[in-house]
Amino acid sequence: MIQPVSTDPQDVAEIERYYANLSSQIRLFGAEHLGRRYVVVRLARMEVTGPLDFSDLQRILARVVDFRTWYPAFHEEAEAASAAAERAEAAGDRISAADLYLRASACHHWGQYLARVRSPQKAEGRSGRVSAYRKVAELLDARIEQLSIPYGDVRLPGYLHLPEGADGPFSCVIMIDGADSTKEEYHNWARQFVRRGLAVLTMDGPGQGEMVGVIPMRPDEWEQPIGAAIDVLETSGLVDADRIGVWGSSLGGFLALRAASFEPRIRAATSSGGFFDFRDYRSWPVSTQLNVMEDMMLGSFAETKRYIEERCSLDGLTERIDVPYLVIHGARDELVSVEEAELMASGPRGEFVNFEDGFHTCTNYNATLVPLMCDWMARHLGGS
């Protein structure tokens, strides 16, 4: 039995219309076609953030004939990868096992991505994503340490990725999830920062990843969980507390700049596809609005919209950011206009880069995006 995320009859009707329309689009055009064009199913994001190449995605999505078959197609692939990982691990092939568990985690993530909110499939996919990635951290030939960050009555989970061949302390980038991304999804990008001599903390904050349904996301207070994370990094002995930056994608881009405007220990910040004031929020895809509602643990679309309108804006805050910060935007972004992105960069130390043919968060320009954001952060924090 699926527990509805909203009990408002208008919301329920809108949600059902959305899923019915999504099924119709998949039947008419195919999941792969939608993935080339549509922010909800963005193949570029799936490919660059996880170990799934285009041929993998073509094969998986060929089995998706409507909305109901989305989760089973990815779940089947995840289970096959996990079984292969177990065989490799038993044979002592640690590198292959780690790669296969990473594949399983990614497939679990993308399977639950479009599963109905609060459904058994959503819960199963989330659990599979987390457990498979824990095996990656255990087996991968890299320095990845699990962190537990005290925050009120809970502990926020994270992974500290460390450069090889040096003892530190290192400059460190805290990567901040978006509305539907997680610490596990950012593995590939985290490793790109690490290649440049930076430590990276990937973490789930309130209302993100493992914390969905545990404590609510409060975007207007995001300096608090980031401050808690910095407290832990300061005492770890592995990170130079004077060289900490934040990076965020999509909603995480807003959260990164919000944190930078209040937390004085942040030395640089990057927003990729972030928001200034969520001005076009109500025109977002219903699935994304559902994710935000679930993250914030609010009861209706109207309540979520009201919260965002009243509390989620960088107006008056970008002027407070007294460290360098970079705003990256794609002009073809379906969620954020160029004008809104330019406002994000309007603070005295803001820089703005616009990809004229870029999608939301510019994953279709990953070959350019990675050196841009990673080298920029290394320059400002002092990577090796």
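# Chat about a predicted model

Biologist: Where does proline 169 lie?

Modeller: Proline 169 is in the loop between β2 (154–162) and β3. Helices here are DSSP runs of H or I with at least four residues, strands are E runs of at least two, and the numbering starts at the N terminus. Keep in mind that this is a predicted model, where local features need pLDDT of at least 70 and side-chain atom pairs need 80 or more, while totals for chains, interfaces and linings use all residues. Residues are numbered from 1 along each chain as its sequence is written, and side-chain values use heavy atoms, with hydrogens and water left out.

Biologist: What kind of peptide bond joins glycine 168 and proline 169?

Modeller: A cis one, with omega of about 5°.

Biologist: OK, phi next. What is the phi of serine 250?

Modeller: Near 60°, which is a positive value in a residue other than glycine. Serine 250 is in the loop between β5 (239–249) and α10.

Biologist: Serine 250, buried or exposed?

Modeller: Serine 250 has a relative accessible area of 16%, so it counts as buried. The cut-offs are under 20% for buried, over 50% for exposed and partly exposed in between, with a 1.4 Å probe and protein chains only.

Biologist: And what phi does threonine 361 have?

Modeller: About 65°, positive again, though threonine 361 is not a glycine. Threonine 361 is in the loop between β8 and α14, and its relative accessible area of 8% makes it buried.

Biologist: Switching to cavities. How many does a search of the whole structure find?

Modeller: Five of 30 Å³ or more. A cavity is a set of points on a 1 Å grid, over the protein atoms alone, where a 1.4 Å probe fits but cannot get out; lining residues have an atom within 4 Å of a point. Points are joined across faces, edges and corners, and the volume is the space filled by probe spheres set on them.

Biologist: What volume does the largest cavity have, and which residues lie nearest its centre?

Modeller: The volume is about 290 Å³. The lining has 26 residues, and Arg45, Asp180, Ser250, His360 and Thr361 lie nearest the centre. Both α3 (43–49) and α11 (286–296) give two or more residues to that lining, and α11 has the largest share with three.

Biologist: Which residues is glutamate 185 in contact with?

Modeller: Leaving aside neighbours within four places in sequence, glutamate 185 is in contact with Arg45, Thr49, His109, Trp110 and Asp180. Contact means heavy atoms within 4.5 Å. Glutamate 185 is in the loop between β3 (170–176) and α8, and is buried at 6% relative accessibility.

Biologist: What polar contact does the side chain of glutamate 185 make?

Modeller: One of 2.9 Å with the side chain of histidine 109. A polar contact is a pair of N or O atoms within 3.5 Å; within protein, one must be able to donate a hydrogen and the other to accept it, and residues adjacent in sequence count only if both atoms are side-chain atoms.

Biologist: Now arginine 258. Where is that found?

Modeller: In helix α10 (residues 251–262). Arginine 258 is buried at 10% relative accessibility, and its side chain has a 2.9 Å polar contact with that of glutamate 223.

Biologist: On to rings. How many aromatic pairs are there?

Modeller: The count is 14. Rings of Phe, Tyr and Trp (its six-membered ring) pair if their centres lie within 6.5 Å; planes under 30 degrees apart are stacked, over 60 edge-to-face, and the rest tilted. Take tyrosine 281 and tryptophan 284: their ring centres are 4.9 Å apart with planes at 65°, so the pair is edge-to-face.

Biologist: Which residues form one aromatic cluster?

Modeller: Phe254, Phe275, Phe278, Tyr281 and Trp284. Tyrosine 281 is buried at 2% relative accessibility, and tryptophan 284 is buried with 5%.

Biologist: And isoleucine 308, what is that in contact with?

Modeller: Phe278, Tyr281, Val292 and Met296, leaving aside neighbours within four places in sequence. Isoleucine 308 lies in helix α12 (residues 301–311).

Biologist: Last one: which ring does the charged end of arginine 42 sit over?

Modeller: The ring of phenylalanine 359, 3.9 Å from its centre. The rule is NZ of Lys or CZ of Arg within 6 Å of the ring centre and within 35 degrees of the ring normal. Arginine 320 does it too, over phenylalanine 262 at 4.3 Å from the ring centre.

Note on methods
1 Å grid on protein atoms, 1.4 Å probe; cavity = no way out; pocket = protein on both sides within 12 Å on 5 of 7 lines; lining within 4 Å.
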